[in-house]
Amino acid sequence: MLDLAKLNVAEAAEAGFKLQLVHPVTREAIKGAFVTVRGDDSKVVQGWVRSLVTRRQMEEAAARRRGKEPDPITIAEAEDQAAEGAAKRIIGWEGIGRDGILIEFSFDAA
């Protein structure tokens, strides 16, 4: 039986999940290539989402105080937010490089 009272989704999400990467064309597992990602229920991810929404709400409120409609989010802004959200979820990786040189994990590299 799955006891929901004993299930700590947030803790598991924060610890992350190690996923083996697959080739985007052949769909074959890439030997030694892994990425560890946080789940959406992690405090880090939830905090980032809340800050993003809060910032947007403040921008909209400021525009309305000036008697203007808030500017819609641009495609470029949406793409930047998506990339940042992906990077916030990545905890680490193994076996990822460029031109034969392994890339050390960091938020900026992600």
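Helices here are DSSP runs of H or I with at least four residues, strands are runs of E with at least two, and both are numbered from the N terminus. The model is predicted, so local features need pLDDT of at least 70 and side-chain atom pairs count only at pLDDT 80 or more, while totals for chains, interfaces and linings use all residues. Residues are numbered from 1 along each chain as its sequence is written, and side-chain values use heavy atoms, with hydrogens and water left out.

I will start with S42. S42 is placed in the loop between β2 (29-37) and α2 (43-65). Is S42 buried or exposed? Buried means under 20% relative accessible area, exposed means over 50%, and partly exposed is in between, with a 1.4 Å probe and protein chains only. S42 has 0% relative accessibility, so S42 counts as buried. Contact means heavy atoms within 4.5 Å. Apart from neighbours within four places in sequence, S42 is in contact with A10, A13 and E14.

Next, salt bridges. A salt bridge is a side-chain nitrogen of Lys or Arg within 4 Å of a carboxyl oxygen of Asp or Glu. How many salt bridges does this rule give? The count is 5. One of them joins the side chains of K18 and E94, at 2.9 Å from N to O. That pair links distant parts of the chain, with K18 in strand β1 (residues 17-22) and E94 in strand β3, 76 residues apart. K18 is partly exposed at 48%, and E94 is partly exposed at 38%.

A charge sits over a ring if NZ of Lys or CZ of Arg is within 6 Å of the ring centre and within 35 degrees of the ring normal. The charged end of K18 sits over the ring of F34, 4.7 Å from its centre.

Now to helix α2. R56 forms a salt bridge with E59 (3.8 Å, N to O), and R56 also forms one with E60 (3.2 Å between the closest N and O atoms). R56 and E60 are 4 residues apart in helix α2, so about one helical turn separates them.

Last, the rings. Rings of Phe, Tyr and Trp (its six-membered ring) pair if their centres lie within 6.5 Å; planes under 30 degrees apart are stacked, over 60 edge-to-face, and the rest tilted. The structure holds 1 aromatic pair. W93 and F105 form it edge-to-face, 5.0 Å centre to centre with 90° between the planes.
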